[in-house]
Amino acid sequence: MSAPGSSDLVIVANRLPVDRVETSNGTPGWRRSPGGLVTAIEPVMRANEGTWIGWPGGTEQDLKPFEDDGMDLVPMTMTDREIENFYEGFANGTLWPLYHDLVAKPEFHREWWDSYVAVNKRFAERAAEYASEDATVWVHDYQMQLVPQMLRELRPDLRIGFYLHIPFPPAELFQQLPWRRQILEGLLGADLVGFQLPGAAANFVRLVRQRVGHKTHRELIYLPDGRTVRAGAFPISIDAAGFEELSRSEPVAQRAAEIREALGSPRKVFLGIDRLDYTKGIYARLRAFSELIADGHFDVEDAVFVQVAVPSREQVEQYRILRDEIDRLVGRINGDLGRIGRPAISYLHSSYPREEMAALYRMADIMVVTPYRDGMNLVAKEYVACRFENDGALVLSEFAGAADELRQAWLINPYDINGMKAALLEAYQADGRELGRRMRAMRRTISQHDVAAWADSFMAELAAVRPTHGKAVRPARRS
Ligand code: G6P
């Protein structure tokens with residue numbers, strides 16, 4: 001167990017990799033947290049025996065640092081008010097919609113901002129406490145954007161990296177934020193600020209020049225105190241080999257066959273897996289699918305849609321509204337188009353372990369990923385990793401970061417329902433040769449750029465930006 005002052009690598013993220021939950025017999029236990037962030041950071045954490053500082057969900061106080069599955073975890077507590085104002089409020093009611101192209105309307109409240117400052121300060125103080133002399137601290141995502149600067153003030157010896165897992169908006173949108181300057185200055189406390197795509201890094205540099213007035217040259221920002229900050233793109237990925245191995249395993253193969261049979265052995269299965277979030281375009285995709293049936297292109301004996309919606313941020317109003325809308329839509333589609341024992345859409349509002357996800361990926365013929373805006377979308381990459389027989393089709397939104405790499409998917413504009421219908425139909429009708437050509441190319445991309453390569457390139461760049469300080473961080477890639 002790492003003691004204060006002893007850690008050479010400290011991860012700061014809003015969430016711990018595990019969530020505090022009540023088990024079936026009523027005792028408290030731990031369960032893996034939702035979302036792509038956690039999956040991505042684990043390998044580098046393990047390779048470096050790092051310490052992870054984050055919130056375990058809930059309001060339980062007095063949780064002590066502990067070890068879980070070989071990782072040192074330091075739980076941060078949050079009060080009911082902080083969950084309301086910091087987490088549901090500023091993080092997910094202001095920043096999340098603002099950074100996702102205003103898919104929903106962001107709200108600006110001063111008490112939400114005050115709470116964001118207070119929580120970021122507490123996380124920064126805890127990181128300062130655990131980091132050893134000259135350690136590396138890697139801060140993650142939109143909930144923690146003030147931590148780099150706060151931490152630098154407390155501990156100028158540290159090497160600090162920041163990575164944003166979600167999109168970073170163009171200046172025209174970002175400037176709506178009343179606290180835009182504070183956020184930019186917060187991020188500039190880092191030595192390296194990483195984004196998913198080059199466009200996001202360019203948005204950030206331009207904003208720093210315009211709003212803070214620092215000199216910039218390409219990806220570099222020159223601060224008056226002599227420090228140089230680098231902004232760059234590091235597209236995140238998945239444990240591709242791990243997913244493939246799982247997908248090839250006998251239990252997963254069996255489970256995949258079982259699911260298919262339970263669906264009534266239709267000719268083709270479409271699949272969507274998302275957190276239940278308004279950025280994901282779930283409504284539009286289900287409508288497009290149902291219209292293909294209504295238009296007579298296929299019927300429910302030919303094709304069904306399995307939609308997994310992982311519960312998320314359920315106290316936030318826009319998420320509740322979305323849930324009701326999807327519930328109604330699924331009910332209507334199944335009422336209109338389903339037959340006895342054969343609904344058009346199998347809708348599951350639940351989260352599943354990795355094995356079940358792999359079985360779903362392995363069983364589905366067409367994976368449908370249609371966000372209006374998405375930092376990367378790891379589900380698209382996981383599907384590709386699981387298709388070791390070079391079959392299966394991916395229909396992917398142009399507005400997901402993953403579309404930059406997965407060029408051989410059927411790329412769609414999720415706002416264009418007719419275009420989406422045409423792509424779904426093409427993917428449905430594609431022959432084995434066409435599927436193989438596309439899938440082989442995407443699989444090559446994924447196997448070369450996996451999550452260990454992502455973490456290693458970020459760490460290498462961070463060490464290059466701040467070469468004279470800091471201890472070396474071991475690569476995440478296992479040799
Ligand atoms: C996205 C974000 C993560 C977040 C995850 C789950 O992947 O980038 O920072 O942890 O969603 O959302 P939640 O609000 O449950 O942490």
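Trainee: Which strands does helix 16 lie across?
Mentor: Helix 16 (residues 451-465) lies across strand 1, strand 7, strand 8, strand 9 and strand 12, with contact meaning heavy atoms within 4.5 Å. Helix 16 runs at about 140° to strand 8; angles run from 0 to 180 degrees between N-to-C directions, and axes are lines fitted to C-alpha atoms, for helices over the stretch in contact. This is a predicted model, where local features need pLDDT of at least 70, side-chain atom pairs count only at pLDDT 80 or more, and totals for chains, interfaces and linings use all residues. Residues are numbered from 1 along each chain as its sequence is written, and side-chain values use heavy atoms, leaving out hydrogens and water.
Trainee: How are helices and strands defined?
Mentor: They are DSSP runs numbered from the N terminus: helices are H or I with at least four residues, strands E with at least two.
Trainee: And the sheet, what is the strand order?
Mentor: The order is 5-6-4-1-7-8-9-12-11-10, in an open sheet of 10 strands with mixed pairing. Two strands pair if DSSP finds at least two bridges between them.
Trainee: Which are the edge strands?
Mentor: Strand 5 (66-68) and strand 10 (215-217), each pairing on one side only.
Trainee: How many bridges join strand 1 to strand 4?
Mentor: There are 4, and the two strands run parallel. R15 has W55 in strand 4 as its bridge partner.
Trainee: New topic: at what angle do helix 3 and helix 4 pack?
Mentor: At about 45°, with axes 9 Å apart. Helix 3 and helix 4 are therefore oblique to each other, as angles under 35 degrees count as roughly parallel, over 145 as roughly antiparallel, 65 to 115 as roughly perpendicular and the rest as oblique.
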